[in-house]
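Here is a short report on one protein chain. Keep the sequence and the 3D view open while you read.

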Amino acid sequence: RLYEFESGQILLNGTDIREMDPNNLRENVAYCTQNVQLLHGTLRENITLYDRRYADREIYGAIEKLNLTEWFSGFPNGLDTGLEMGENNLSAGEAQLVTLVRLALKNPKLVLLDEITSRLDAATERRLSSAVEALCRDRTVVLIAHSQAAVGWMDRILYMRNGRLYENPQDGQEGAGTAYESKQ
């Protein structure tokens, strides 16, 4: 709810989000962008965003759930490995993995992923794709991507053209297809 909308509804489990307590909404929705900013602190602090209610065993559980144990074992001091804001101590893909662990720990009902595979090497993309698949199991996911290969595992794909959503990639060209209106 960063922006208010004038018409239509956005429902989360059948409830209009305008009727939800904003804190409850934030607990149930998680967002990952293509540009992840790391904080000055440890890997633990970057995963938990300094929220001390998460025990290490919960963090390790999230790492295991996402099949990232091997990747995590490469950190010399485990969760106490220091990360510097603005430094290149993690690749863009590894920063994405930190965010995915954060999301798994939060356990949201709805996950929004915005172009998360756009700047990755092939090996990191495979690791990230496996983690995303594990994270998204049994929850609603909205994935925004320019590459059709990045969305191949989704149950339903919509294409946007000129502010309208279409079910088929060819629709919207010369008036073909059924559109879903978008007011933005």
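## Overall picture

Take contacts between residues at least 6 apart in sequence: 60% of them join residues at least 24 apart. The model is predicted. The chain holds six helices and 10 strands. Of its 184 residues, 36% are buried.

## Confidence

The average pLDDT of the chain is 81, and 83% of the residues score at least 70. Residues 175-184 fall below 50 in pLDDT. Beyond near neighbours in sequence, that stretch still has 20 contacts in the model.

## Helix α3

Helix α3 spans residues 56-65. Its buried residues are Ile 59, Ala 62 and Ile 63. Viewed down the axis of α3, these fall within an arc of 100°, so they line one face of the helix. The general rule is simple: an α-helix has 3.6 residues a turn, so residues three or four places apart point the same way.

The face of α3 turned away from the buried side carries Arg 57 and Glu 64, both exposed. What covers the buried residues? The cover includes α2 (43-48), α4 (69-72) and α5 (92-106). After α3 comes Asn 67, which has a positive phi, near 60°.

## Thr 99 in helix α5

Helix α5, part of the cover over α3, also contains Thr 99. Is Thr 99 buried or exposed? Its relative accessible area is 4%. The cut-off for buried is under 20%, so Thr 99 counts as buried.

Which residues does Thr 99 touch, leaving aside neighbours within four places in sequence? Its contacts are Cys 32 and Val 36.

## The second largest pocket

The second largest pocket has a volume of about 350 Å³. Its lining is made up of 20 residues. Closest to the pocket centre are Tyr 31, Leu 49, Arg 102, Leu 103 and Lys 106.

Three elements, β3 (29-32), α2 and α5, each supply at least two lining residues. Which element gives the most to the lining? Helix α5 does, with five residues. By class, the lining has 10 nonpolar, five polar and five charged residues.

## Helix α5 in summary

Definitions and conventions. Residues numbered from 1 in each chain as written. Predicted model: local features only at pLDDT ≥ 70, side-chain atom pairs only at ≥ 80, totals over all residues. Heavy atoms only, no water. Buried < 20%, exposed > 50% of the residue type's maximum accessible area, 1.4 Å probe, protein only. Helix = DSSP H or I, 4+ residues; strand = E, 2+ residues; numbered from the N terminus. Arc of directions from axis to C-beta. Contact = heavy atoms within 4.5 Å. 1 Å grid on protein atoms, 1.4 Å probe; cavity = no way out; pocket = protein on both sides within 12 Å on 5 of 7 lines; lining within 4 Å. Points joined across faces, edges and corners; volume = space filled by probe spheres on them. Nonpolar A, V, L, I, M, F, W, Y, C, P; charged D, E, K, R; others polar. pLDDT = per-residue confidence, 0-100.
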